[in-house]
Structures are given as structure tokens and as C-alpha cells.
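Okay, thanks everyone. Let me put the model up, and then I'll talk through a loop and a pocket.

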Amino acid sequence: MSIKKLVQMIFNKTTVNSKQHPSPEQTPYILMGGEDTVRRLANRFYDIMASAPEAKELYAIHPLPLDNIRQKFFEFLSGWLGGPALFEEKYGHPRLRARHLPFTVNEQLRDQWMFCMNSALDEVVEHKMLREGIRQSIGQLASHMINC
């Protein structure tokens, strides 16, 4: 199953009081606000990583400057959230675990990564149910990256 389909399945949960919820026509990408909001999320993630003491070790293993990785992360998030598959168009399937195997990814680094993502989600994604769905799904993905 593709990541895109998994995200759509996770986000199709609704409650009686839900106003909007993701569907194949209303993807998380669209509900968030499209390209501008997804780019803001990616950039805010890296801003937090670069400045938060809680992410010191995570920041230390990233190549500087962060411009290229910010763009790649935006492209990945675009497709992952149901928008244009920018990353796949440029680089092929994300193969995230394989791409991260050259790096030691332990629980501490996963937790630092999630600290940055959770903080960015809290600041950028206004829709609470959508934010929590993304948080849960991306948390599972981050845990899958652990390789030691």
C-alpha cells in the first residue's frame, strides 16, 4: 500500500461534528491550505530544528546550509499529504527507510525529530483533527526510520 493511500485511509475518520474531513477529493494537502501551508510546515520544522536545544543532536547531523533539504522535505510532504508528487517526479519513490540507512537513527533522534514536527504542526496546521491525524501518521513513519 502506498503512503498516499495510507494517509487517505487514516484521515477518512470523521466525527458527528466534523465540518471538513479528508477524502480523495479533499486531501490533507488541500485542507491544510495547499502549497503555501505545506511549505510553511517544512520550513518551520527546520527553523525549530536549527534553534531548539531539544533538537541539538538532530541538527548536528544535518548538512548545512539547510536550503536543499528544506526543499526536498517540502516536496516529500507535498506528495505524502495528497498534493503534487513533487519528490517522486524528481527522485523516484521516497524509499525513506533505505535513504536513512546510512545514518544512525535511534529513539532519541526520532524523538527530537518528532519534537520539531509536533511543534511545527501546532503552529501551522489549524484544523485540530487534521493536525492530530498527521501527527499520528508521521509518528509511525518516524518510528519506522529507527535502524539501531
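So, Gly34 is buried, at a relative accessible area of 10%; buried means under 20%, exposed over 50%, and partly exposed in between, using a 1.4 Å probe and protein chains only. Quick caveat: this is a predicted model, where local features need pLDDT of at least 70, side-chain atom pairs count only at pLDDT 80 or more, and totals for chains, interfaces and linings use all residues. Numbering runs from 1 along each chain as its sequence is written, and side-chain values use heavy atoms, leaving out hydrogens and water.

Gly34 sits in the loop between α2 (28-32) and α3 (35-51), with helices being DSSP runs of H or I, at least four residues, numbered from the N terminus. Its C-alpha is 9.7 Å from that of Gly82, 48 residues apart along the chain.

Gly33 is in the loop between α2 and α3 too, but Gly33 is partly exposed, at 47%.

Now, the pocket. A pocket here is an open set of points on a 1 Å grid over the protein atoms alone, where a 1.4 Å probe fits, with protein on both sides within 12 Å along at least five of seven lines; lining residues have an atom within 4 Å of a point. The largest one is lined by 27 residues, and Tyr46, His62, Ile69, His100 and Trp113 lie nearest its centre. Which helix gives the largest share of that lining? That's α5, with five residues.

How values were computed
Helices (H or I, at least four residues) and strands (E, at least two) are DSSP runs, numbered from the N terminus.
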